[in-house]
Amino acid sequence: MTTIRREVLTLPAASLGPDNPLPPLRPLDEAHRIDDRDRAGLPRDMARQVDHEPLRSLLPVMVRDGYDRTRRARELDALVIENDRLRATVLPALGGRIASLRHKPSDRELLYVNPVLQPANFALNGAWFSGGIEWNIGATGHTTLSCSPVHAARVPAPDGGEMLRLWEWERLRDLPFQVDLWLPEGSDFLYVGVRVRNPHERPVPTYWWSNIAVPEERRVLAPADEAYHFGYERRLRRVPVPEYDGIDRTYPLNSTYAADYFYDVPDGRRRWIAALDEHGHGLAQTSTDVLRGRKLFVWGTGPGGRRWQEWLTEPGTGGYCEIQAGLARTQLEHVGLDPESEVSWLEAYGPLEARPDGDWHTVLRGAEERLEEALPRADVDTAYEAWRAHADTEPGERLADGSGWGALEVLRADLKLPGTPFDASTLGEEQEPWLHLLRTGTLPEGGPHEPPGPTLVARPWRDMLETTAATPLAEYHLGIAQWHAGDRAQAVRSWERGLVGAAERWPLLRCLAAADQAGGHPERAAEHYAEAFDDLCAHRPEAADETDEAGGDDRWTAVAAALGREAIGALLAAGRTADARAVWERLDPATRDRGRFRLAEGELLAAEGRPEEARALFDGGFEVADLREGDESIGALWARLGDEPLPARHDFRMRPDGD
């Protein structure tokens with residue numbers, strides 16, 4: 001019989017640290033955007049979905065960049081769902097990630113299991129980690145929930161046993177979703193029922209990709225003869241499968257550079273993808289037809305790809321690739337979800353044994369036959385219908401709590417979401433001021449020397465902010481909501497009004513600085529940043545003076561680091577090197593020792609005409625924990641300092657030179 005139990009995993013893990021307290025006003029740093037030259041040849045529906053409301057802002061989500069690379073043994077809460085054939089280990093505090101899927105009769109792990117938990121800057125909002133099966137909802141990229149908790153509970157399964165239900169409120173698109181994990185007795189396949197709902201009276205763009213990490217010493221099979229190739233040079237090309245440029249790309253280690261291969265699975269063909277080792281053992285994923293897309297991601301064998309592989313795990317351990325399944329042909333697309341509607345499907349994950357090598361069509365035919373024997377396509381459709389009848393079943397015992405944002409939205413709009421209750425008991429400190437605004441029409445003032453806290457930007461909340469008392473805090477939040485809506489001129493006016501009478505001006509000045517940068521006014525941006533940092537220092541809590549050597553007060557340290565980092569960059573861009581140095585000197589020692597700020601120091605030294613000292617920073621060694629996927633700033637600084645090749649430990653380039 002299927003069982004669900006709690007467990008604790010202990011593994012080397014880095015601390016997530018505090019979130020960045022500054023609202024993300026800059027345009028989204030998204031690598032998955034295509035060159036306009038590549039749009040002309042796309043199928044009509046694909047071209048339409050590529051242009052369908054791509055995400056342009058992270059608001060209202062905050063950036064998670066407070067993590068480090070110091071790993072120590074930490075305990076992680078886990079939920080295990082198990083039958084006599086499979087055991088799945090789920091991490092509810094980390095996006096509901098399936099960390100392990102073990103086939104018990106063969107004693108084989110079907111996934112790539114990362115031996116450490118090391119956050120890195122790959123999620124839309126920063127912190128992400130590699131390994132297992134992740135549920136990506138929201139917009140192109142790794143979900144903002146990668147390192148956030150989700151709700152979890154027991155639910156009756158269609159066969160009379162138990163399912164594990166995971167659910168949360170996705171804040172980028174304001175959509176509730178659920179993931180039901182179901183292991184029928186005697187099944188070699190884990191069933192996963194997924195539902196995304198749009199409770200609003202307006203259409204909403206939708207995105208979903210299930211990402212499965214598997215060891216890279218595999219051949220990846222999918223029923224397609226062509227694929228859309230997308231690399232970090234941001235070109236989308238239709239290429240043949242399996243060979244492209246004379247190389248069989250279905251073997252991940254045959255590619256030199258990181259790349260996506262979106263398989264063009266013909267209509268009517270069964271949706272599946274598999275990764276098999278040299279002996280023909282591996283994992284298969286299949287689904288009902290709604291989940292139409294299939295993809296292979298490879299890191300490549302080039303120095304940058306190898307460095308990223310080391311960066312994400314323990315050096316000396318094996319690498320991985322990703323096989324994926326999504327709602328559209330590619331991850332560049334967003335699908336429309338009609339008002340007050342939903343989309344749902346069933347996925348299945350389990351072992352597959354088939355011949356991996358040989359003629360492509362012969363290999364595919366053999367793998368499809370073995371998959372049909374192990375799990376007939378008709379059985380997947382039948383299981384989906386059985387699961388749908390239980391999708392609205394109210395959860396039983398609660399096993400984990402997610403955020404309170406869903407509860408706040410349910411209260412605001414009086415939503416009825418059977419099967420996924422967002423209880424008022426989950427409301428917390430972050431939701432408290434917004435609950436007060438909802439109930440009283442006023443926004444309470446925060447405590448002294450505290451960041452203003454998260455902002456809500458959806459139209460109903462913006463309307464409430466427009467009618468509440470025009471306090472500096474309300475003008476701050478209103479301006480952010482207006483900025484998100486595209487009304488930048490009005491946002492600036494709100495922030496300028498908020499400055500009148502504001503006891504602490506730095507939050508508003510920083511917003512004005514970001515607006516100046518977006519408007520192409522670097523000198524004005526630099527001045528606003530300098531004023532903002534001066535004001536922050538003037539209101540610095542006295543207790544911070546006594547604790548700086550040990551890292552300072554957490555709230556002060558996080559704010560000063562975030563604002564100082566932005567200010568230094570803006571001041572250097574405006575040629576105000578001395579002012580940038582003054583900001584640097586006022587950061588606490590623990591902040592200056594972080595890798596991101598060692599890199600900033602190198603840029604500062606280079607701007608001051610001190611290249612030897614900047615080079616000494618490289619010789620001393622540093623690691624930028626939150627280095628962004630595709631970020632080439634380390635290499636750019638190195639190139640300013642001399643002609644020597646970039647050291648391997650700093651080589652994170654993910655594209656060919658010159659592209």
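## A pair of strands

In this predicted model, Gln178 has Arg195 in strand S12 as its bridge partner. The two strands involved are S11, which covers residues 175-182, and S12, which covers residues 190-198, and they pair in the antiparallel sense over six bridges. As background, the strands of a sheet pair through backbone hydrogen bonds, either parallel or antiparallel.

## The sheet around them

Strands S11 and S12 belong to an open sheet of nine strands, whose order is S15-S21-S22-S26-S12-S11-S10-S9-S27 and whose pairing is antiparallel. At its edges stand strand S15 (219-221) and strand S27 (398-400), each of which pairs on one side only. From one strand to the next, the twist averages 20°.

## A hairpin

Strand S16 (residues 226-231) and strand S17 (residues 236-240) run antiparallel and are joined by five bridges. Within this pairing, His229 stands opposite Arg237 in S17. The hairpin of S16 and S17 has four residues between the strands, and Arg234 takes a positive phi near 65° in this hairpin.

## Two packed helices

Two packed helices are described by the angle between their axes and the distance between the axes. Helix H7 (residues 459-467) and helix H8 (residues 472-485) pack at an angle of about 140°, with their axes 9 Å apart. Because angles over 145 degrees would count as roughly antiparallel and 65 to 115 as roughly perpendicular, this angle makes H7 oblique to H8. The crossing in which H7 passes H8 is left-handed.

On the H7 side, the residues that meet H8 are Arg462, Leu465 and Glu466, while on the H8 side they are Ala474, His477, Leu478, Ala481, Gln482 and Ala485.

## A buried histidine

Is His650 buried or exposed? This residue, which is placed in the segment after helix H18 (633-641), has a relative accessibility of 3%, and His650 therefore counts as buried, since buried means under 20% relative accessible area.

Leaving aside residues up to four places away in sequence, His650 touches Arg307, Phe618, Phe622 and Ile634. His650 and Gly621 are 29 residues apart in sequence, and their C-alpha atoms are 9.5 Å apart in space.

Terms used:
Residues are numbered from 1 along each chain as its sequence is written. This is a predicted model: local features need pLDDT of at least 70, side-chain atom pairs count only at pLDDT 80 or more; totals for chains, interfaces and linings use all residues. Side-chain values use heavy atoms; hydrogens and water are left out. Two strands pair if DSSP finds at least two bridges between them. Axes are lines fitted to C-alpha atoms, for helices over the stretch in contact, and angles run from 0 to 180 degrees between N-to-C directions. Angles under 35 degrees count as roughly parallel, over 145 as roughly antiparallel, 65 to 115 as roughly perpendicular and the rest as oblique. A crossing is left-handed if the near helix is turned anticlockwise from the far one by less than a right angle, and right-handed if clockwise. Contact means heavy atoms within 4.5 Å. Buried means under 20% relative accessible area, exposed over 50%, partly exposed in between (1.4 Å probe, protein chains only).
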